[in-house]
Amino acid sequence: MSYSAFYQESIQQPEVFWDKEAQLIDWHTPYRQVLDHSHPPFAKWFVGGETNLCHNAVDRWLATQADKPALIAISTETNTEKIYSFAELHTEVQRMAACMQSLGVKQGERVLIYMPMIAEAAFAMLACARIGAVHSVVFGGFASKSLATRIDDARPVLVLSADAGMRGGKAVPYKPLLDEAITLAEHKPQHVLLVNRGLAPMPWVAGRDVDYASLRAQHLEAQVAVTWLEANAISYVLYTSGTTGKPKGVQRDVGGYAVALASSMKHIFCGNPGETYFATSDIGWVVGHSYIVYGPLIAGMATIMYEGTPIRPDAGIWWSIVEKYKVTRMFSAPTAIRVLKKHPSELMKKYDLSSLQALYLAGEPLDETTSSWIASELGVPIIDNYWQTETGWPILSIARGVESLPSRLGSPGLPVYGYHVQLVNESTGALCGANEKGVLAIKGPLPPGCMQTVYGDDQRFVQTYWNNFPHEQLYSTFDWGIRDADGYYFILGRTDDVINVAGHRLGTREIEESISSHAQISEVAVVGVEDQLKGQVAVAFAILKHPELAATAEGRRALEAEVMAVVDKQLGAVARPARVHFVGSLPKTRSGKLLRRSIQAICEGRDAGDLTTIEDPASLQQIRAALAA
Ligand code: ATP
Ligand code: MG
């Protein structure tokens with residue numbers, strides 16, 4: 001079938017199309033209705049059907065490949081490697097589920113997972129899915145304040161964590177940050193279940209904290225049946241980086257998500273049972289949910305969970321894993337490839353990479369240099385794919401499993417089936433023609449697998465995503481894009497203010513809030529500035545309550561260090577601004593909105609752009625002066 005026909009059916013007859021795709025997973029009870037779109041923009045998929053993510057990821061494969069690898073946990077930090085077959089994974093997930101139940105976790109309740117990249121984190125996610133508990137994984141790089149906000153929003157009955165993670169040969173303690181977060185949070189989880197890796201001392205709160213190894217030992221023989229869930233039950237809540245200060249809890253369903261993942265594994269990632277998939281992301285991000293844990297397992301593949309950096313012990317490490325486990329499909333981010341590009345390519349060439357059939361890259365724009373370099377090194381197709389935490393699976397890509405259409409450098413490709421992608425004029429809402437810049441929007445209903453709502457806040461879901469254009473209710477991606485005459489899309493940047501530091505998503509608002517908590521700061525603007533290595537770095541411009549403190553270079557340096565320390569402590573070192581400049585005023589619109597885009601342009605040596613609404617043009621001069629100093 002041509003991709004064009006496949007796509008057209010998905011848009012014109014979504015019910016017919018998704019009814020077929022839904023056959024890729026197991027249903028305990030058939031659905032009554034493929035799609036209920038009677039209350040737009042909300043969409044309910046597979047209404048009345050009962051299924052379970054854990055069943056489809058694990059139990060389903062026991063009949064045909066119980067002894068085949070399912071989860072391969074590799075840590076180049078602790079030098080450990082462990083393969084769990086589907087049968088072993090099934091056992092471990094049931095043990096974990098029994099532990100959770102023994103701590104009182106019930107269907108529909110939230111379990112927060114704040115863990116490093118260890119097998120137990122995947123057991124925990126799957127165990128939640130099995131018993132119908134709602135997991136919320138928080139990226140391990142976040143520090144106590146970010147974690148506390150998420151605890152208060154998700155209100156978990158149980159938190160899972162560990163003594164520490166490890167990065168670059170150093171232990172990164174988790175437990176003290178978690179304890180501090182729970183102190184800061186209003187909501188108090190009843191229990192904290194802890195995996196002790198023996199990497200860092202663990203302060204212990206009696207009565208609340210529980211040791212996983214001991215509890216697991218009591219449940220070695222546990223048999224925990226799958227809880228069948230209506231397709232629209234909540235599977236998980238995953239927080240976005242939070243441009244507006246308070247992060248949005250992206251809430252996802254069970255049935256639609258399972259179908260979308262099974263479908264994308266077939267048509268986009270082309271994975272087959274028995275093969276190995278390697279996504280280098282982290283379970284704290286959406287890629288970790290969709291394409292480390294659920295997607296590959298639902299497709300019957302072995303999935304690799306990797307703790308470590310791409311360059312330790314050397315830059316050949318990932319390729320040695322590809323060779324050893326005969327990885328067929330790999331998923332990473334452009335930033336990681338740029339890091340590898342700095343190292344000798346012999347480290348890559350040393351290994352037999354003949355199993356590898358394609359490399360998928362997502363998360364940020366894939367520049368042509370990086371793309372061409374890695375394509376020639378690997379000799380396999382490089383498949384850019386564009387999507388968001390909100391959608392859970394690609395919006396733009398080339399679905400090579402349907403038709404092997406060519407890629408185009410710099411473009412993630414064509415709209416993926418199910419997504420009625422449109423480019424619209426930001427202010428008029430009019431459709432853009434070829435080669436005309438607009439905001440990338442999606443006409444509802446969003447396909448299966450996309451967010452159901454903002455957790456606990458339907459109004460915020462509608463308000464944030466669906467109310468941005470006149471005349472018509474469209475989902476806004478908040479990304480600028482352009483489409484060429486052949487229908488290939490190009491992403492031009494974001495309309496909001498999130499920055500991407502070495503693959504980590506950070507809301508500039510969140511960093512600003514953290515900096516503002518320093519006693520001497522009266523106001524601050526944070527922007528993302530292009531960086532050769534990290535993609536972007538945060539740069540802060542702050543107004544002091546007592547400007548005289550920044551009169552000397554010494555004073556400025558001391559304050560800068562203090563501000564950085566505040567961010568480290570509250571949000572984690574990933575969020576630390578590369579520079580903190582002190583200025584007398586900040587460029588704003590007359591309505592008081594910070595002109596972040598103009599600040600960013602100046603930092604990157606570009607023209608400050610449209611300044612018709614600026615209140616005080618002299619403030620731009622201050623930014624330039626601060627940068628020059
Ligand atoms: P928040 O929603 O809290 O503001 P975020 O948008 O950074 O955070 P994600 O959902 O992880 O968090 O990232 C999705 C965004 O990443 C997209 O909207 C887009 O800006 C960018 N992106 C993802 N993939 C690509 C790609 N292949 N090419 C270009 N940009 C991409
Ligand atoms: Mg976003």
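Axes here are lines fitted to C-alpha atoms, for helices over the stretch in contact, and angles between N-to-C directions run from 0 to 180 degrees. The views below show details of a predicted model.

**View 1. Packing of helix α5 against helix α6**. In this predicted model, helix α5, formed by residues 86–102, packs with helix α6, formed by residues 119–131, at an angle of about 70°, and their axes are 8 Å apart. Because angles of 65 to 115 degrees count as roughly perpendicular, α5 and α6 are therefore described as roughly perpendicular to each other. The crossing of α5 and α6 is right-handed. On the α5 side the contact is made by L89, H90, E92, V93, Q94, M96, A97, M100 and Q101, which meet E120, F123, A124, L126, A127, C128, R130 and I131 of α6. Sorted by class, the residues in this contact of α5 with α6 are eleven nonpolar, three polar and three charged.

**View 2. The open sheet of seven strands**. The strands follow the order β5-β4-β17-β16-β18-β19-β20, and their pairing is mixed. At the edges stand β5 (80–85) and β20 (382–385), each of which has a single partner strand, so that one side of each is left without a neighbour in the sheet. From one strand to the next, the twist averages 20°. Strand β4, residues 69–75, runs antiparallel to β5 and is joined to β5 by six bridges; within this pairing, L71 has Y84 in β5 as its bridge partner.

**View 3. Helix α11 lying across strands of the sheet**. Helix α11, residues 286–298, lies across β4, β16 (276–279), β17 (302–307) and β18 (327–332), and runs at about 145° to β17.

**View 4. Strand β23 and its pairing with β24**. Four of the five residues of strand β23 (residues 420–424) are buried, so this strand is largely enclosed by the rest of the structure. Strand β23 pairs in the antiparallel sense with strand β24 (residues 438–443), over five bridges, and H420 has K443 in β24 as its bridge partner.

**View 5. Surroundings of V574**. V574 is placed in the loop between α18 (553–570) and β32 (579–583). Its relative accessible area is 24%, and V574 is partly exposed. When neighbours within four places in sequence are left aside, V574 is in contact with G141, V501, H504 and L506. From C-alpha to C-alpha, V574 and A538 are 9.6 Å apart in space, while in sequence they are 36 residues apart.

Terms used. Residues numbered from 1 in each chain as written. Chains lettered and ligands numbered in written order. Predicted model: local features only at pLDDT ≥ 70, side-chain atom pairs only at ≥ 80, totals over all residues. Heavy atoms only, no water. Helix = DSSP H or I, 4+ residues; strand = E, 2+ residues; numbered from the N terminus. Parallel < 35°, antiparallel > 145°, perpendicular 65-115°, else oblique. Left-handed = near helix turned anticlockwise from the far one by under 90°. Contact = heavy atoms within 4.5 Å. Nonpolar A, V, L, I, M, F, W, Y, C, P; charged D, E, K, R; others polar. Buried < 20%, exposed > 50% of the residue type's maximum accessible area, 1.4 Å probe, protein only. Pairing = 2+ DSSP bridges.
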